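Okay, thanks for coming, everyone.

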Amino acid sequence: LGHFADGKSTTLDVLCRGRELSPQGDGLKSTSAVPVSIEAARPEFAPEGMSEWAELRFKTESELKDELFDAFEMYLSDSETNVADSLKEFVNGDGNGTSRENFRERFDWKNAEHVGRVRTILQNEWTAYAGDKGFMATHHRQQLEALTIYLKYYETPEYKALVDKTIIPVSDVGQYVYFPKDWKDRAPERLDFDLTFQECAFAFLDYAVIHINSDILTQLNCRVTDCPGLGASAYDTAIARRALSRADGVWFVKKCDKQLGESTLGQIFELIRDNGRLERTGMALNLWKPHKRSIVDDPEKGRCLVNYCKDQLEKEGYKFPIFWCNARFAYLSALGKRKIEDGIAFTASERKWLMEIIDEDERDSSWSDEELWVEAAKAANLTAKVAEIKQIDEFNIDVVDLLWKHSNFAEALEIMAKIVLKQKGHAILIENGSKKAFDVLARYEHELQLAEDAASRDADKVANDLKCARQRMANFMQKAKDEEDKSRLWNSREDVMKG
């Protein structure tokens, strides 16, 4: 989570072992159309013939109805038009009121009369919008865009073919999660629009998960969702809210090129607090260039940057772990290590990223990948001013490791992993050094995740499996806690006997 251009995308690419899956370049991810998560690929769960893969999770029929209800809720309350009265009469037909649950139960996408009512309302909305495009709130217009797509393509042969694709190659993810490049000019503004189904397939997706081979993700041991840059649009903020509501931890990235008080941090923290995730937050101060405060406490300069920020935020009522990192150094290191270990050639977008670090007058397109990496590392250090890195003159694993050390990313990973593990109940097992128990719990958690994903598609069918999975996990956690209590009691008795 973070503001636009604060280093969030670079941080994600570091977790991907230097692979560009973030929205900053020509990677595999969408900029904002659909939430996309990444996690380490586990061979035991890999589809046949795939070492890396992606999962697509589509919105259920109930979720599509909920979006319809949210968009037209004003017609069910304030409006007094004939269309609104007709919709209210329909929803309240059994006398149970115009609740979300009642609408979800009564509305049928296959019923021509029901769809006709929706079509009439959408037509009225778009007609009003054409007359005065400034009157409609952006969020409501985006709701209407999605509903217009649903109305045209839901239950069509193209749609049915799409929802059968739940496991796809990583290279195919982009075609399902991207906005079309000319979306702003071609987004629906009437019922008859010219977008093909493939161009607006993202509207039916809830989220996508990419499973890739990354030792860093394996170390972090959790699923990471890259949220859009906050403040970019109402649509992006809505996606961030959805991701926050599901998160076990929040990694908030803040570039430290200005004083903390000069940004809109209060709004961000309120967003996190509103979603009940403030106690699960870790704040990374992205030090891509020296700050006027030092990294460690200094008698002459006073409190270091991290401790100073803690003091300032605690005065405002915010208390959570704060740490620093250099995302640029970390990405350079991850990219260099991947080149050494895998023997890969840098992609055009990776070379472009490296070139942009270097002063324009000093760039040379004829540089080899190794030469370009060294020049980029030198240029990055001109900004960071780390004395130990000044003597870089060749590309090797020692230099790659040196940049990783000065990125402080390993400490950042450790802090975030601790936050997530604490929320998942892992801490009690790890503190007791029980690797076997940890592995068992990890397996239970994966079973639980699979059950929850299935439940969203067919709640009735797997409700019992989900309940059983949760009960097994609860029983296991209780057993682990009982063992810990017994251990503490035994140690206490030994202390008494020794006394």
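This is a predicted model: local features need pLDDT of at least 70, side-chain atom pairs count only at pLDDT 80 or more; totals for chains, interfaces and linings use all residues.

As for handedness, α14 goes past α15 in a left-handed crossing. Who is touching whom? On the α14 side we have R328, Y331, L332, L335 and R338, and they meet E350, W353, L354 and I357 of α15. Sort the residues of that contact by class and you get six nonpolar, three charged and no polar.

The buried ones are S349, E350, R351, W353, L354, M355 and I357. So, to tie that back, E350, W353, L354 and I357 are on the buried list and also take part in the contact with α14.

Helix α2, residues 61-72, and helix α6, residues 138-153, have axes that come within 10 Å and cross at roughly 135°. These two are therefore oblique to each other, and their crossing is left-handed. From α2, the contact uses L64, E67, L68, D70, A71 and F72, while α6 brings H140, Q143, L144, A146, L147 and Y150. By class, the contact of α2 with α6 comes out at eight nonpolar, two polar and two charged residues.

Let's move to the sheet. What order do the strands come in? There is an open sheet of five strands, and reading across you get β3-β2-β4-β1-β5, with mixed pairing. The edges are β3, residues 167-168, and β5, residues 224-226; each has a single partner strand, so one side of each is left without a neighbour in the sheet. Over on one side of β1, five bridges join β1 to β4, residues 205-212, and that pair runs parallel. In that pairing, I38 stands opposite I210 of β4. There's a helix here too: α1 packs on the sheet and touches β1 and β5, with its direction making about 145° with that of β5.

The other pairing of interest is β1 with β5, where three bridges join the strands and they run antiparallel. If you want a residue to look for, the bridge partner of S37 in β5 is T225.

How many residues of β1 are buried? Five of the five, so β1 is largely enclosed by the rest of the structure. V36, I38 and A40 point one way from the strand, S37 and E39 point the other way, and all are buried.

Just as background, most residues other than glycine have a negative phi. R17 is buried, with a relative accessible area of 15%. The other one is N408, with a positive phi of about 60° although it isn't a glycine. N408 sits in the loop between α17 (397-407) and α18 (409-424), and N408 is buried too, at a relative accessible area of 12%.

While we're at α18, have a look at I419, which lies in that helix. I419 is buried, with a relative accessible area of 10%. Setting aside neighbours within four places in sequence, I419 is in contact with D248, G249, R280, T281, G282 and P321. And I419 and W251 are 168 residues apart in sequence but 9.6 Å apart in space, C-alpha to C-alpha.

Last, let me zoom out. The chain has 21 helices and eight strands. Of its 499 residues, 49% count as buried. Among contacts in the chain with a separation of 6 or more, 69% come from residues 24 or more positions apart. That's my tour, so over to you for questions.

Methods
Residues are numbered from 1 along each chain as its sequence is written. Side-chain values use heavy atoms; hydrogens and water are left out. A crossing is left-handed if the near helix is turned anticlockwise from the far one by less than a right angle, and right-handed if clockwise. Helices (H or I, at least four residues) and strands (E, at least two) are DSSP runs, numbered from the N terminus. Contact means heavy atoms within 4.5 Å. Ala, Val, Leu, Ile, Met, Phe, Trp, Tyr, Cys and Pro count as nonpolar, Asp, Glu, Lys and Arg as charged, and the others, Gly among them, as polar. Buried means under 20% relative accessible area, exposed over 50%, partly exposed in between (1.4 Å probe, protein chains only). Two strands pair if DSSP finds at least two bridges between them. Axes are lines fitted to C-alpha atoms, for helices over the stretch in contact, and angles run from 0 to 180 degrees between N-to-C directions. Angles under 35 degrees count as roughly parallel, over 145 as roughly antiparallel, 65 to 115 as roughly perpendicular and the rest as oblique.
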